[in-house]
Number of protein chains: 2
Amino acid sequence: MFTNKPRFFACFIFLLPIFLLAEDGSLLWLRYDPVTAAQAAGRHIIVAKPMGAIVQVAKTELDTYWRGPTVDLVLDKKMKHLNEGYQLKWKKDHLQVVAYKDRGLLYGAYHLLRLQQEGRDLQGIDLTEIPDYDVRILNHWDNLDGTVERGYAGRSLWKWDELPTAISPRYAAYARSNASIGINAVVLNNVNASPDILRPDYLLKVKALADVFRLYGIQVYLSINFSSPKVIGGVHDSDPLNPEVRAWWKAKVREIYKSIPDFGGFLVKANSEGQPGPQDYNRTHADGANMLADALAPYNGLVMWRAFVYNPTNEDRAKQAYLEFVPLDGAFRDNVIIQIKNGPIDFQPREPFTPLFGAMKETTQMIEFQITQEYLGFSNHLVYLAPLFKETLDSDTYASGKGSTIAKLTDGTLRTAKRTAIAAVANIGEDSNWTGHNFAQANWYAFGRLAWNHSLTSDQIASEWIRSTFTPHEEFVQPIKQMMLESREAAVNYMMPLGLHHIFAFDHHYGPEPWGDRQGGRPDWMPWYYHNANSAGLGFDRSATGSNAVSQYFAPLDRIYGDLETCPENFLLWFHHVPWSYQMKNGRSMWAELCYKYDEGVQQVRAFQQIWDKLESHVDSQRFADVQSKLKIQAKDAVWWKDACLLYFQTFSEQPIPYAIERPIHELEDLKKIKLKLKHHN
Amino acid sequence: MFTNKPRFFACFIFLLPIFLLAEDGSLLWLRYDPVTAAQAAGRHIIVAKPMGAIVQVAKTELDTYWRGPTVDLVLDKKMKHLNEGYQLKWKKDHLQVVAYKDRGLLYGAYHLLRLQQEGRDLQGIDLTEIPDYDVRILNHWDNLDGTVERGYAGRSLWKWDELPTAISPRYAAYARSNASIGINAVVLNNVNASPDILRPDYLLKVKALADVFRLYGIQVYLSINFSSPKVIGGVHDSDPLNPEVRAWWKAKVREIYKSIPDFGGFLVKANSEGQPGPQDYNRTHADGANMLADALAPYNGLVMWRAFVYNPTNEDRAKQAYLEFVPLDGAFRDNVIIQIKNGPIDFQPREPFTPLFGAMKETTQMIEFQITQEYLGFSNHLVYLAPLFKETLDSDTYASGKGSTIAKLTDGTLRTAKRTAIAAVANIGEDSNWTGHNFAQANWYAFGRLAWNHSLTSDQIASEWIRSTFTPHEEFVQPIKQMMLESREAAVNYMMPLGLHHIFAFDHHYGPEPWGDRQGGRPDWMPWYYHNANSAGLGFDRSATGSNAVSQYFAPLDRIYGDLETCPENFLLWFHHVPWSYQMKNGRSMWAELCYKYDEGVQQVRAFQQIWDKLESHVDSQRFADVQSKLKIQAKDAVWWKDACLLYFQTFSEQPIPYAIERPIHELEDLKKIKLKLKHHN
């Protein structure tokens with residue numbers, strides 16, 4: 001007897017392993033299936049000739065992966081308002097993508113492919129997308145020796161030793177991934193920059209990368225060392241007012257543009273944490289930035305000048321960027337942008353926004369986020385950062401009255417700017433999944449999407465990313481999205497709740513060290529400088545009775561933050577030294593609330609483990625195991641953080657941890673002995 | 001102005017530190033406060049002269065600590081039925097303690113002091129206490145080099161190098177502690193015995209200890225090495241039928257009794273785990289035991305001959321003691337007692353009783369418990385063992401019909417015996433708190449109390465111990481008692497639930513190693529021999545289809561244990577190889593139930609931590625911190641056990657851990673790499 005049954009059964013057996021096939025995460029969110037000839041029959045990707053290289057890429061992507069109707073890619077030089085954006089329009093029997101620039105067509109093509117991946121209906125579609133920022137840039141803190149400062153996904157993607165001869169296929173894959181989310185610029189090297197990057201041999205290597213990236217609409221920028229004229233140029237000094245120095249930079253810029261005509265410009269960390277800068281010659285940040293700006297201006301190049309400066313003085317570190325830069329307002333050239341970290345200290349799990357935003361009325365400002373998780377568990381912890389990015393972008397500074405959000409201050413809405421920009425420190429390395437943690441890919445993705453459209457919600461971005469990266473099945477998407485949306489708050493809870501900050505371990509910044517101290521070390525590198533724990537209470541008094549950092553905020557924030565009763569509780573210990581017994585809004589004492597927050601963080605991570613394990617059948621085995629393994633580390637680390645911080649602060653509060661809370665499993669003295677040997681990359 | 005207030009306040013300040021004064025646990029449950037002269041005024045401790053040394057101790061204890069009315073200590077040679085017991089009687093205006101032996105008066109005195117400590121009302125008291133067993137003996141596995149096999153409270157109490165010259169005050173303190181709970185005998189040295197213990201110089205040291213112990217009614221026994229005649233006696237062999245050998249033992253025994261007239265006898269581990277024995281000369285256990293018994297008989301000495309024998313054969317290890325000893329029933333002298341471990345394998349967290357109990361009708365049997373926590377987390381885990389002891393003592397063997405409990409089989413009720421005995425391996429070392437863990441003191445206490453009266457409940461004993469050792473405050477006693485009563489089941493849950501056994505780490509037995517294997521090692525030392533995990537299921541088939549160990553049990557146990565459907569679930573994997581999907585009584589699959597049990601164990605220990613922390617104000621700071629610290633270790637170890645066992649068995653069950661359960665935080669491969677370097681003592 002011969003029936004269909006066995007064949008049907010065999011088919012299932014065959015399909016199952018494919019569905020669960022191990023994957024290494026290298027495809028990121030670009031998990032398009034090539035179309036077969038049959039699927040492509042009768043569907044065309046129409047492009048007018050002559051076709052630029054970027055448009056050619058757009059056409060090839062659609063030719064290879066597009067399952068929908070015919071797509072007409074139209075360049076329209078009248079549509080200047082689109083800038084790098086595009087229109088997507090349903091036209092009876094085909095789709096039209098209209099753009100003003102080549103890049104717009106490429107972005108439009110990726111938009112179509114994303115909609116296809118998400119399983120959306122395109123019938124009747126009519127939308128216009130215009131990016132919120134002109135320059136959407138990744139900062140790589142990659143060193144020329146192949147290490148990455150604060151990189152947790154292996155060594156640098158850039159193989160300096162092999163360039164310009166060997167061109168890794170990952171360079172194009174990297175550029176394509178960026179283009180697919182609208183990122184159009186990259187700084188290749190660490191802000192703690194080696195002067196060598198400007199040597200002719202290195203510029204050849206940079207050119208090789210720029211040539212690859214250009215096809216995907218990516219412009220290359222470089223971090224420069226302010227002492228370059230002296231160190232590699234043979235000039236007597238690097239004084240920005242020294243004509244020789246100025247000439248050296250002009251010549252160097254000319255040399256760069258000769259081989260990289262679309263070179264973007266320079267990123268500069270000057271007079272910060274030991275880096276050289278104009279103050280070495282009693283010049284101002286403006287003197288330094290303007291010199292470079294003048295050299296770049298003829299080529300339309302930009303200077304991104306970082307405001308991350310602080311000196312070991314008695315002044316509250318949180319106030320210093322403001323104090324140094326506000327007096328220079330109006331002194332910068334129009335192709336200089338001041339690049340400001342989202343918070344006034346340094347990429348902590350939660351910070352209020354840097355008060356410098358909006359405080360310079362005549363100076364273009366841009367925000368710098370950190371995608372790499374320097375203070376958020378490296379590539380071991382699942383922390384979805386869109387909520388952190390959004391929290392800052394949506395913060396109302398009141399700089400020009402109510403509604404003066406940081407997004408509007410930096411995107412050209414409230415302040416005119418020659419060009420607007422937004423930056424983030426990348427989390428990308430040579431790991432096969434690019435970012436170390438599969439879910440860290442979502443942070444790269446989220447930055448790109450928010451740089452394009454800062455009105456997107458964290459929820460929308462997570463939803464897009466999950467559908468593209470894993471599966472559009474709702475029973476997977478919903479719980480995973482919830483987990484992601486909760487994850488940043490979980491990390492704040494188990495690391496530094498209620499406005500605590502900078503209580504991590506010295507140097508490598510992984511794990512808790514609220515007791516941290518170094519003989520003769522800079523006070524503003526020590527946790528005690530920030531938490532100020534004593535028998536009276538906990539927190540940094542930045543109110544009028546303390547450092548008065550609150551005065552740097554526009555009204556009414558100065559008053560709201562400055563008053564213990566009105567200060568948002570999630571910033572309480574940032575702005576105030578709060579008595580242990582202070583009553584929180586829920587009636588608990590500050591000490592009890594601190595304990596509950598730490599414990600909540602632990603419980604949240606354990607819940608993430610449950611969510612993930614439960615969805616095993618939706619994920620390929622390799623990514624499932626990778627994430628499962630990372631969540632285990634995160635669960636252990638959360639308990640480590642909780643125990644370390646509560647046991648340590650308890651020596652000051654001298655109160656029991658509320659008994660309803662799961663008890664510590666560590667001894668404080670044992671935790672103090674933990675000294676991890678971690679490099680800046682792994 | 002001068003008022004009383006300041007003095008009153010000062011008094012409180014003065015009292016507080018006393019209440020919470022750090023204590024090292026060295027007082028055990030004997031935390032009597034000496035009476036002042038005022039308190040003792042008009043109250044007498046009356047004793048007829050001449051007064052024996054033991055009675056003198058009884059009188060001194062009462063003189064020093066008794067706050068109640070006059071006590072009359074009466075020796076009554078007509079009251080033979082009291083044996084070592086006593087009567088306590090209220091006589092109008094004083095209390096009378098009547099005993100047949102000196103020891104009885106001592107035990108009666110400690111009973112009074114215990115009642116005083118517990119805060120009981122003695123008015124109208126009238127009780128008679130007669131011990132259930134004649135010999136209530138601790139087995140010390142102490143080696144002559146000062147180490148202790150399976151000892152976790154530091155090195156041996158016995159300072160062999162200093163003896164007989166230096167007499168540590170701890171010898172008397174130890175004996176007093178034993179006497180206070182009715183223990184009347186100790187084996188000084190390890191059952192893996194060095195022949196040296198019988199050398200004249202060592203016997204002098206033994207005599208010195210015996211002289212101290214005698215004051216507290218404690219008799220000394222020794223473990224002997226069966227090869228002693230050959231090794232230290234210069235005899236050609238140690239064949240028990242060799243007249244020279246027999247003569248050597250007779251002479252040795254005579255020598256011992258000459259200096260220690262109340263010497264108790266010998267404990268023997270023969271032909272077991274590499275120890276020499278009569279089988280080395282093709283003689284039987286009976287030949288060996290009887291030779292020693294004949295030597296001891298003139299002095300009323302006893303031989304305790306251990307039944308813990310098993311050979312690396314194909315026969316189920318659980319069956320071997322029965323197979324070797326049952327054929328010898330009736331062949332032993334009446335001063336030989338067969339000493340049988342409670343379970344047929346080796347002091348596992350839970351075992352069914354050894355079927356040898358009751359199977360020898362003409363042979364005196366005694367039980368051997370283990371107080372030291374070889375398989376129960378050493379001195380790190382809080383595991384109150386009274387429920388384990390009671391579980392075996394109350395087990396009905398059906399050897400002489402229903403009601404043939406092991407207690408009744410060994411206490412003389414169902415089997416006549418020249419003398420009855422009960423033994424346990426001690427957990428005592430030189431640590432200041434004696435037992436390593438403050439709560440391990442309760443296990444020493446519980447053994448003594450049960451050896452005296454096996455009808456006491458675990459609850460009663462815990463209650464006595466807590467009140468005596470910490471405080472009689474009910475708000476402390478109740479939760480601590482609940483914690484203690486639950487603790488053994490918690491350990492079973494997180495270590496070896498559902499009848500799992502012998503899946504601990506090789507050699508040191510601390511921590512899980514279900515994957516354990518050694519090239520060329522004895523199969524019956526390997527975890528896989530016991531758990532038999534495979535894709536079909538888990539457990540050791542000891543039913544009729546397997547090793548048929550069930551056949552060694554009397555009806556109806558053979559049938560109850562032998563049938564998967566009637567076998568108690570807490571012995572399921574002991575007696576059966578059970579399919580992963582087998583449905584348990586609560587409806588869960590066996591695999592799911594296994595997971596829930598492990599998780600329950602973890603949650604139980606965390607609850608213990610909460611209970612303990614909450615009661616901090618009732619405990620002195622040192623004992624509070626010591627126990628808190630141990631509970632942290634236990635909480636971590638419980639998760640270690642859970643993760644190790646579930647992740648390992650999951651490789652066979654190939655099923656997810658139920659998603660409601662807290663997820664593993666370890667990687668199986670990491671756990672497999674853990675190799676602790678632990679000695680037999682610490």
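Let's start with one pair: the side chains of Glu84(A) and Arg136(A) meet in a salt bridge, with N to O at 2.5 Å (a salt bridge is a side-chain nitrogen of Lys or Arg within 4 Å of a carboxyl oxygen of Asp or Glu). This pair links distant parts of the chain, 52 residues apart: Glu84(A) lies in the loop between β2 (71-75) and β3 (86-91) of chain A, and Arg136(A) in strand β6 (residues 135-139). Helices (H or I, at least four residues) and strands (E, at least two) are DSSP runs, numbered from the N terminus.

This is a predicted model, where local features need pLDDT of at least 70, side-chain atom pairs count only at pLDDT 80 or more, and totals for chains, interfaces and linings use all residues. Residues are numbered from 1 along each chain as its sequence is written, chains are lettered from A and ligands numbered from 1 in the order in which they are written, and side-chain values use heavy atoms, leaving out hydrogens and water.

Glu84(A) counts as buried, at 5% relative accessibility, and Arg136(A) does too, at 0%. Buried means under 20% relative accessible area, exposed over 50%, and partly exposed in between (1.4 Å probe, protein chains only).

| Salt bridge | N to O distance |
|---|---|
| Glu84(A) and Arg136(A) | 2.5 Å |
| Glu430(A) and Lys159(A) | 2.7 Å |
| Lys341(B) and Asp346(B) | 2.6 Å |

Glu430(A) is partly exposed, at 35% relative accessibility, while Lys341(B) and Asp346(B) are both buried. Over all chains, the structure holds 86 salt bridges.

Stepping back, chain A has 21 helices and 15 strands, and buried residues make up 62% of its 682 residues.
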